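User: Please take a close look at a single part of this model and tell me how it sits among its surroundings. I'd like one connected account that I can follow with the structure open.

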Amino acid sequence: MSPTRAAFELGGTETKAGTRQSVDLPVSILSNHIPVSLPVQVIHGRKDGPVMFISAAVHGDEVLGVEIIRRVLRHKALRSIAGTLLAVPIVNAYGFINHNRYLPDRRDLNRSFPGSDQGSLASLLADIFMREIVLRSDIGIDLHTAALHRTNLPQIRISPGQPKLRELADAFAAPVIMVSSLRDGSLRKTALDNEVEMLLFEGGEALRFDELAIRAGVIGTLRVMKHLGMLSSKSIKPTRTRPVYSHESHWLRAPKGGIFRAFRAAGDFVGQDDLIGIISDPFGDIDTEVRARIGGVIIGRTNLPAVNRGDALYHVAIIDSPQAAERRLDLITGELEAAVLPDEDEIL
Ligand SMILES: [Zn+2]
């Protein structure tokens, strides 16, 4: 008989090999005496393998990632995993219950890493998440959406010069991979500083579901786990199409205030100088054209028609060979739309 794999200890609770359970890590007590915890589901496989975390709602209003984690956790393939999965669907419980991106002290958790056990509320939460989850993991996927009233095309963000991350991003196969620099205080930078490989997923809108973005997140996460040898299910297949890479993007901002009519959606390709929207005054007397400053693919867009001068309208990623990229993007998006997740417990 082969020796049993050791249990996984988290917050004083042991999860035996071949089992899963939820563990509540205490964070603090609210002003009205209600305790707040960081809920984690630990899935500890019978076989050895990497420790991976998957997290959502670091920004409390980004509910889409919570649904991605729910679907991943219900997938049949997870009944037999190698290694250990730490699933944290709601990192920022304070923001989540208030439908708010930030913490009650108005701090952004994703600018508060690595945190400190003597710091602000954001810093305390960052410190617990770092110590208990990130530093226990070899790899992580952190799920985000666009901010309120904006939507993002499903995309993976990685830092430049990281071949292993590139390999994992290719395995995830979101339609677009943005190679972008890291911000101080972000989870992504702190993970990298501590040699934990981390992918950041962006897709959809705050406080809303978006089926394409949810599918991209679920299928991508399962693909990464299979790529790492954590899952063996034959139903999880790599993509046949290479994702579209971009190393540079820019925001197109409103040239004046008014009512904005958007002519293009996230995922559309635009050429330089294309007419992509109009801003009108409320009487319709004055129309101001919005034209693409450069060509590329729209990876983000506002959904709010009332705009002030300077508001971000479109986020455009610059890409090489746009025609070939457009074909690849269509193929990947089509694959996601057509994907049947046969091992899923529920009919969507
Ligand atoms: Zn976010």
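Analyst: Helices (H or I, at least four residues) and strands (E, at least two) are DSSP runs, numbered from the N terminus. The model is predicted: local features need pLDDT of at least 70 and side-chain atom pairs 80 or more, while totals for chains, interfaces and linings use all residues. Numbering runs from 1 along each chain as its sequence is written, and side-chain values use heavy atoms, without hydrogens or water.

Let's settle on helix 4, which spans residues 163-172. Find Leu165, Leu168, Ala169, Ala171 and Phe172 there; these residues are buried (under 20% relative accessible area with a 1.4 Å probe, protein chains only; exposed is over 50%, partly exposed in between). Looking down the axis of helix 4, you will see its buried residues within an arc of 160°, so they line one face of the helix (the arc is taken from the axis to the C-beta atoms).

What lies over those buried residues? Their cover includes strand 7 (139-144) and strand 8 (150-158), along with strand 9 (176-179), strand 10 (197-204) and helix 6 (211-227). Just past the end of helix 4, Ala173 has a positive phi of about 60°.

Now turn to the charged side chains of helix 4. Lys164 pairs with Glu167 in a salt bridge, with 4.0 Å between the closest N and O atoms (a side-chain nitrogen of Lys or Arg within 4 Å of a carboxyl oxygen of Asp or Glu). Both partners belong to helix 4 and sit 3 residues apart, about one turn of the helix. Lys164 counts as partly exposed because its relative accessibility is 35%, and Glu167 falls in that class at 36%.

From here, step across to helix 6, part of the cover of helix 4. Arg223 is buried, with a relative accessible area of 10%, whereas Glu335 is partly exposed at 21%.

For context, the whole structure holds 16 salt bridges. Another one of them joins Asp287 and Arg261 at 3.9 Å, N to O. Asp287 is in strand 16 (residues 287-291) and Arg261 in strand 13 (residues 258-262), so this pair ties together parts 26 residues apart in sequence. Salt bridges with shared partners also gather Glu67, Arg70, Arg71, Glu211 and Arg215 into one network.

Methods. Contact = heavy atoms within 4.5 Å.
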